[in-house]
Amino acid sequence: MSTVRARAAGVTSHRLFWPLVVLVLLLVANAVYRPSFLSIELKNGHLYGSLIDIVRLSAPLILVALGMSLVIATGGIDLSVGAVAAVAGAVACLYISEQPDQNSLGVVLTAVALGFGVALLLGAWNGILVAGIGIQPIIATLILMVAGRGLAQLIAEGQIITINSGPYKVIGVGHLLTLPFAIVIALAVTLLVAVLTRRTALGMIIESVGGNAEASRLAGIRSRRITFLVYVVSAACAAIAGFMMTANVSSADGNAVGLWVELDAILAVVIGGTALAGGRFYLGGTVVGALLIQTLTTSVYAMNIDPQTSLLFKAVVVIVVCLIQAPAFRARFRRRRSVPVTPVEPVGTEKEQVPA
Amino acid sequence: MTTTPLAARPGRAWWRVPPRHVPVLATAALLLVMYSIGVAQYQAFSNIQVVFNVFIDNGFLLVVAVGMTFVILTGGIDLSVGSVVAMTAMVSASLLGNGLHPALVLVIALLLGPILGFAMGCVIHFFDIQPFIVTLAGMFFARGVCTWISTTSIPITDGFWTSAAQHRIHLGENFVSVGALIAVAVVAVAAAVLAYTRLGRNVYAIGGNQQSALLMGLPVGRTKIAVYTISGLCSAIGGILLSFYTLSGAPLIAVGMELDVIAAVVIGGTLLTGGSGYVFGTLLGVLVLSIIQTLITFDGTLNSWWTKIVIGGLLFVFILLQRLVGIRTK
């Protein structure tokens, strides 16, 4: 009996337990509301279904959140990802729109390379401000968050650039090996980042810089170089997300691309169990967090609730997940462990609903 | 506090500016330069009404920035301000539409913001969750309430509101609106609270070093909850002023306003790490932002996105300046 209880306590205290429970609850709610929700079918060699859609739509968020995890692991934060995504998308679309043959693969590859290059420059700018000059990350990236939107509009001259390019569109809505191409890209980048950080010492070095940059430097780690690097990686991830978002709609709108994606990404990271204080990061948790946020958005659409009101649900879910994970909150309720689940959730909800 | 009083430093010339005043003075200098450029370039700019218009058009921004100054001084941040402004305007518009008495509407609208702020402050303090995340949830929540009330704009036709919106208080040949006067009054009250009350001292102490403040026996928790409540109150007042200004409540109004507000506070010389800054600086920061907009409007050939790029550039310059004067080397 006691071992069962101990094992149960071990499971519930795992950092991914509550996010996964919420995710499963959302999926179950969807399945109950619309039984066809869980079905996946194969049409013309491509997989279709609501679940596939959710993963496809969350691909940009997963990418941005991956970069964000690394930045947050060093104790920083990157507010500029949305603006970087907009700039990268605008640069790529502008180049494509100016070419006579928009369907040539070479043109699209050059465009993507250009957008990627600009994003790397922006990331390097953030990195220099934070690692070189030593400005607080939240302000350093705030500069680009404000100015980047202006830059994206400047590149597009205030217009929405529309393109008609087959190969570029593939990034957003194409398929590869039955899976949507966006999922493949997100999966590939996730695996790449995971292998690079968890199969080498890099991940631990990043965490040590987040734990204490000065101590890491004294221990022989080039703290500044690592800090610089994570901002560049974050910008690179944001650029790929920007390509996906613009390819999805075959147009680049400097104002709308990646709007508020930085907030969603930070939420995904935090829901995944990475603390904003830095020193630890969990890529798996981040992916779960991103999926959770996208599932929430999609469920709200699917259940015919006004999409704008989805923000209310988001607020409640965010605060509930964060509260459940907060050590202070857990400690407060540890004494009443006899009924562990039920008293926890209503308190979080009530707190937020007071002003309504 | 980080700096000892002037008098305690022998050998310091009277004209030496204490380092903590440098950012505010730099902002003031910038403001003067920008205003002079405007006056030199455009004849109509010298009209004193241009200055009054800045207060009329940005009164709500000023009030919200004052609340944000309190939060940032303690080392926190409040991302919910823009949504709370919209929520307040939206709630007042919808209640007035239902025929409620304006005085009652005013009370309800002014209570909502502080209640949300109080709740966020409690979560931040008691459960030790980062202000960034909590106020982000608050931002989603308030914006959700807006769209839950209505997805379209609600016009305000109430007599009290329209008279408050249209009433002009004449000063010589020029005039200001009721909203502008309220904004100036809020600045004055906030400056007095920060400079002369126990709460103000506590705010600076917590921003300087929370641990020390706690060990000194200062009420850290109460003060932290208080600043988020104050920020909520300021956002609510800002929302009322905005509804005076636009005579409507729109669910998507003031989106992204929190960025302008944070930018204004930073340009005004307040450190985002907390502990150093003035409400007066925030006033100057808001004026700088609005003069940029006025200049770009006067020019006519520059597009609106230049505003964002210029604000970004200014943010950069001021943050660099803060580093150079080395108020804090963290």
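Visitor: Where does Leu247(B) lie?

Guide: Leu247(B) sits in the loop between helix 10 (220–246) and strand 4 (248–249) of chain B. Keep in mind that this is a predicted model.

Visitor: How do I read the phi angle there, and what is phi of Leu247(B)?

Guide: As a rule, most residues other than glycine have a negative phi. Leu247(B) has a positive phi of about 55 degrees, though it is not a glycine.

Visitor: On to the nonpolar core: which residues touch the most other members?

Guide: In soluble globular proteins, nonpolar side chains tend to be buried together. Here the largest nonpolar core has 220 residues, and those touching the most other members are Val64(A), Val84(A), Ala85(A), Val87(A) and Leu315(B). Helix 11 (residues 223–249) of chain A gives the largest share of this core, 17 residues.

Visitor: What does Leu315(B) touch?

Guide: Leaving out residues up to four places away in sequence, its contacts include Leu142(A), Ile143(A) and Val146(A), along with Ala263(B).

Visitor: How many residues of chain A are in contact with chain B?

Guide: 39 residues of chain A contact 41 of chain B. Helix 6 of chain A supplies the largest share of chain A's side, twelve residues. By class, that side has 27 nonpolar, seven polar and five charged residues.

Note on methods
Residues are numbered from 1 along each chain as its sequence is written. Chains are lettered from A and ligands numbered from 1 in the order in which they are written. This is a predicted model: local features need pLDDT of at least 70, side-chain atom pairs count only at pLDDT 80 or more; totals for chains, interfaces and linings use all residues. A nonpolar core is a set of buried Ala, Val, Leu, Ile, Met, Phe, Trp, Tyr and Cys residues joined through C-beta atoms within 7 Å. A residue is buried if 20 or more other C-beta atoms lie within 10 Å of its own, exposed if 12 or fewer, and partly exposed in between; C-beta atoms are placed from the backbone. Helices (H or I, at least four residues) and strands (E, at least two) are DSSP runs, numbered from the N terminus. Two residues are in contact if their C-beta atoms, placed from the backbone, lie within 7 Å. Ala, Val, Leu, Ile, Met, Phe, Trp, Tyr, Cys and Pro count as nonpolar, Asp, Glu, Lys and Arg as charged, and the others, Gly among them, as polar.
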